[in-house]
Amino acid sequence: MLSVKNLYKKYENQPLLRGVSFEVQKGETICLLGRSGSGKSTILRIIAGIEAPESGDVFWTNQNLKDIPVHKRKFGFMFQDYALFPHKNVFENVAFGLKMQNLPFDLIEEKVITVLNKVKMQEFSHRQVADLSGGEQQRVALARALAPEPRLLMLDEPLGALDRNLREQLMGELRLLLHASNIPAIYVTHDQEEAFTIGDRLVLLNDGQIIQNASPEDVYQTPKNAWVAKFIGLSNLLEGVIQSTQPLIVTTKIGDFSVQTGLPKNAKLADPVILLLRPDAINMKDSNLNQFQAHVLDDVFLGNQWRVKLQMSDLEFSFLVDEPIPIGSIIKISIDPKQINLLQAEK
Ligand code: ADP
Ligand code: MG
């Protein structure tokens, strides 16, 4: 449906977007994920038509939107600060976009009621917005964005201003609402948990470029590089050099690792790589593969598992284990060769 092609954008001679391309398919919610300042909101403004790129295009199906003004694009927007009208009631807020379209009142009323039902706010129709809780205001904002039946919905960090409990609850609600609405959506966030909860697909932006564009499962299982791994919370990274390709052995400062997953693209003997040791990679059984000594720095009970922090050589790693391990002890661990990803070394 939507196709963004090769966007370039500079601010004050600083390149912000350096060839950004991605697509949104019918009914799909994608999460555009990147650090604060990486250009996410700028991409949304370009799609909305509020801002122009230096080069690159935005297409809806096969139509280039270059000369289509903002109000004719039929895209809906929802921002972090909602920008609801504080002195209007819920009904009037949701009806706002429809009134702009000069629709007859009966039709406006019908559409507002339908959409308030959708976000479970039908009973609040006459309440002043200022009297609603953060979560309720957020639902009204979503209703307002959905009311004109946009053909694409863009949400810019819509949960950013809320406290943690409410955020978690609304994340789940938004996920269901977005799926049920069947409107293609771009959800912008810098929060990986939100992205994993809400996105059918993740589009990861760093340094002006899309680093990875894949399902949440794929991103988690095979992060494209060390930046992606760190960004999604996989932080057990270790530099190495490919010592042998068959069998695959990688030398590191901790020792030699036997690896049973694939090589990064184009990697060959003697190349530098980054090893990602997955959180479930260790066990305490004796093994003739990847056995190392580790110093237990910390051990935190998580409910059904423990997160153990280990020091090996002068590096620290975190793993999930099924039993508590005494802090301060020296233990022997083995690292599953199937639970190691090899990533491209950073240049
Ligand atoms: P994000 O939404 O990922 O946090 P933004 O797209 O808001 O990132 O902004 C990215 C960078 O571009 C920021 O460092 C910001 O200062 C800069 N920027 C955004 N809009 C403008 C503008 N109109 N003029 C100058 N610099 C801007
Ligand atoms: Mg932003």
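The model is a predicted one, and the values below are computed from its atoms. The structure holds 15 salt bridges, among them a pair between Glu-149 and Lys-111, a pair between Glu-168 and Arg-164, and a pair between Glu-194 and Arg-167. Helices α2 and α4 pack with their axes 7 Å apart, and the surroundings of Lys-40 and of Leu-302 are set out at the end.

**Salt bridges between separate parts of the chain**

- The side chains of Glu-149 and Lys-111 come together in a salt bridge, with a distance of 2.8 Å from N to O. Because Glu-149 belongs to the loop between α4 (134–146) and β7 (152–156) while Lys-111 belongs to helix α3 (residues 105–118), this pair ties together parts that are 38 residues apart in sequence.
- Of these two partners, Glu-149 counts as exposed at 53% relative accessibility, whereas Lys-111 is partly exposed, with a relative accessible area of 21%.
- Glu-194 and Arg-167 also form a salt bridge, in which the closest N and O atoms are 3.6 Å apart. Glu-194 lies in helix α6 (residues 192–198) and Arg-167 in helix α5, so the bridge ties together parts that are 27 residues apart in sequence.
- Glu-194 is buried at 3% relative accessibility, and Arg-167 is likewise buried, with a relative accessible area of 13%.

- Arg-164 is exposed, with a relative accessible area of 51%, while Glu-168 is partly exposed, with a relative accessible area of 36%.
- Beyond these pairs, a network of salt bridges links Lys-9, Arg-45 and Glu-51.

**Packing of α2 against α4**

- Helix α2 (residues 90–100) packs with α4 at an angle of about 30 degrees, and their axes are 7 Å apart. The two helices are therefore roughly parallel to each other, since angles under 35 degrees count as roughly parallel.
- The crossing in which α2 passes α4 is right-handed. On the α2 side the contact is made by Val-90, Asn-93 and Val-94, and on the α4 side by Val-140, Ala-143 and Arg-144.
- By residue class, the contact of α2 with α4 divides into 4 nonpolar residues, 1 polar residue and 1 charged residue.

**Surroundings of Lys-40**

- Lys-40 has its place in helix α1 (residues 40–48), and this lysine is buried, with a relative accessible area of 4%.
- When neighbours within four places in sequence are left aside, Lys-40 is in contact with Leu-32, Leu-33, Gly-34, Arg-35, Glu-157, Val-188, Thr-189, His-190 and Leu-205.

**Surroundings of Leu-302**

- Leu-302 is found in the loop between β16 (291–301) and β17 (306–312), and at 40% relative accessibility Leu-302 counts as partly exposed.
- Leaving aside neighbours within four places in sequence, Leu-302 is in contact with Arg-307 and Leu-320. Leu-302 and Leu-320 are 18 residues apart in sequence, and their C-alpha atoms are 9.2 Å apart in space.

Conventions: Residues are numbered from 1 along each chain as its sequence is written. Chains are lettered from A and ligands numbered from 1 in the order in which they are written. This is a predicted model: local features need pLDDT of at least 70, side-chain atom pairs count only at pLDDT 80 or more; totals for chains, interfaces and linings use all residues. Side-chain values use heavy atoms; hydrogens and water are left out. A salt bridge is a side-chain nitrogen of Lys or Arg within 4 Å of a carboxyl oxygen of Asp or Glu. Helices (H or I, at least four residues) and strands (E, at least two) are DSSP runs, numbered from the N terminus. Buried means under 20% relative accessible area, exposed over 50%, partly exposed in between (1.4 Å probe, protein chains only). Contact means heavy atoms within 4.5 Å. Axes are lines fitted to C-alpha atoms, for helices over the stretch in contact, and angles run from 0 to 180 degrees between N-to-C directions. Angles under 35 degrees count as roughly parallel, over 145 as roughly antiparallel, 65 to 115 as roughly perpendicular and the rest as oblique. A crossing is left-handed if the near helix is turned anticlockwise from the far one by less than a right angle, and right-handed if clockwise. Ala, Val, Leu, Ile, Met, Phe, Trp, Tyr, Cys and Pro count as nonpolar, Asp, Glu, Lys and Arg as charged, and the others, Gly among them, as polar.
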